[in-house]
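Reader: Could you walk me through this one? I would like to go through it piece by piece.

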Amino acid sequence: MAIFSLIIFLMMVTSLFLLLDFTPKTFSDELFNVINPKESLKFRISRTQSGKKRSLPTRVMLDIKHMLDYTHQSQKFSIAIISSAVLAILGIVISVVGNNPFLIFPLSLGLCSIPYIVIKFYSYSYIRKLQEELSVITSIVTASYIRSSDLIKSVQENIVYARGPVKKVLNEFVMENKMINPNLRDNIDHMRDKIDDNVFKEWCNALKKCVENDSLKYTLPPIVDKYSKLRQINLKARPQINSMKDQLFGIILITYINFPLLKLMSNESNNWYAVLTGTVGGKLVCAGVCCITLFSVLRLVQLVKPSQYQVLDK
């Protein structure tokens, strides 16, 4: 009966959205504005001076938005927010159907975190690929520039070796210099701001100095070498990261396989599944397992973050 009532409620809400022409993008934008309203300059200064942090939902949504913007997938922000909301409702439904009120919070929170975790892993993969791409193209362009002392020619000749967003940025740099603004320093600034990578920004700043003083072009190779150091760090950490992933997901799989196994092994004289799902202690155990799983996965997300140049500075 509870499931039937919930289905009717969801159908009514969906119908209302359709009648009001309330699209997923509109929903995500309105939700984002509610959680993260526009702040006056006075309020921002006061918050900065007091050291008060934003609320956790605001920080999570801003993090999702930043990651999607960084990976050029900003149009999927509404999909991520809607997916989180639907999964949170699904967690509540499962908890209510299973008659376990202790499970409502951890299960709904864990399920609604799935889009955030997926986006995090995707952004980490994107960062690693971007670092590899920048390592190759900056090395080739630097060698060509040292040889010819002509930055535009060096970039134009080697664009064919670039891929993805890096190739697009380099093409825009060349076209902007030829068609729009011949000021090379301004164009280097524009190119630098289009890629959020600290080593690349440092390389662009060095290029600006080389435009003024050609003898400074020999300072570029040590900057490019920092990508090699980052690659070595990531390669050394990769086996440990893969091992942590395998161990964690293996333990999670074994843990949750025990639930249907207990169901199959239970009988009238020894019904462990009924104890696990029908008693207060068993329900608390289920909620605790869900909490530990969520904490472990979120901790793994923090640990597998690819190395950045700031780490080398430390």
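**Helices, pockets and buried residues**

Author: At the start of helix 10, the backbone nitrogen of Arg185 has a side-chain oxygen of Asn183 within 3.1 Å of it. A helix here is a DSSP run of H or I with at least four residues, numbered from the N terminus. Please keep in mind that this is a predicted model, in which local features need pLDDT of at least 70 and side-chain atom pairs count only at pLDDT 80 or more, while totals for chains, interfaces and linings use all residues. Residues are numbered from 1 along each chain as its sequence is written, and side-chain values use heavy atoms, with hydrogens and water left out.

Reader: Which residues of helix 10 are buried?

Author: They are Leu184, Asn187, Ile188, Asp189, Met191 and Arg192, where buried means under 20% relative accessible area with a 1.4 Å probe and protein chains only. The cover over these buried residues includes helix 8, helix 9 and helix 11, with contact taken as heavy atoms within 4.5 Å.

Reader: And what about the buried residues of helix 8?

Author: Helix 8, residues 151-158, buries Leu151, Ile152, Ser154, Val155 and Asn158. Looking down the axis of helix 8, these residues fall within an arc of 165°, so they line one face of the helix; the arc is that of the directions from the helix axis to the C-beta atoms. Helix 7, helix 9 (164-180), helix 10 (184-193) and helix 11 are included in what covers them.

Reader: What sits at the start of helix 8?

Author: There, a side-chain oxygen of Asp150 comes to within 3.4 Å of the backbone nitrogen of Ile152.

Reader: Which residues line the largest cavity?

Author: Its lining is made of Ile137, Thr138, Val141, Leu170, Phe200 and Trp203, and helix 7 gives the most, with three residues.

Reader: Now the second largest pocket: what is its volume?

Author: The second largest pocket has about 750 Å³, a pocket being an open set with protein on both sides within 12 Å along at least five of seven lines. It is lined by 26 residues, of which Leu107, Leu111, Tyr256, Cys290 and Thr293 are the closest to its centre.

Reader: Which helix gives the most to the lining of that second largest pocket?

Author: Helix 14 does, with seven residues.

Reader: Where is Leu248, and is it buried or exposed?

Author: Leu248 lies in helix 12 and is buried, with a relative accessible area of 15%. Not counting residues up to four places away in sequence, Leu248 touches Ser296, Val297 and Leu300. Leu248 and Thr293 are 45 residues apart in sequence, and their C-alpha atoms are 9.0 Å apart in space.

Reader: Last one: what is Asn100 in contact with?

Author: Asn100, which is found in the loop between helix 5 and helix 6, is buried at a relative accessible area of 6%. Leaving aside neighbours within four places in sequence, Asn100 is in contact with Ser95, Lys283 and Cys286.

Conventions:
1 Å grid on protein atoms, 1.4 Å probe; cavity = no way out; pocket = protein on both sides within 12 Å on 5 of 7 lines; lining within 4 Å. Points joined across faces, edges and corners; volume = space filled by probe spheres on them. Helix = DSSP H or I, 4+ residues; strand = E, 2+ residues; numbered from the N terminus. Buried < 20%, exposed > 50% of the residue type's maximum accessible area, 1.4 Å probe, protein only. Polar contact = N/O pair within 3.5 Å; in protein donor to acceptor, adjacent residues only side chain to side chain.
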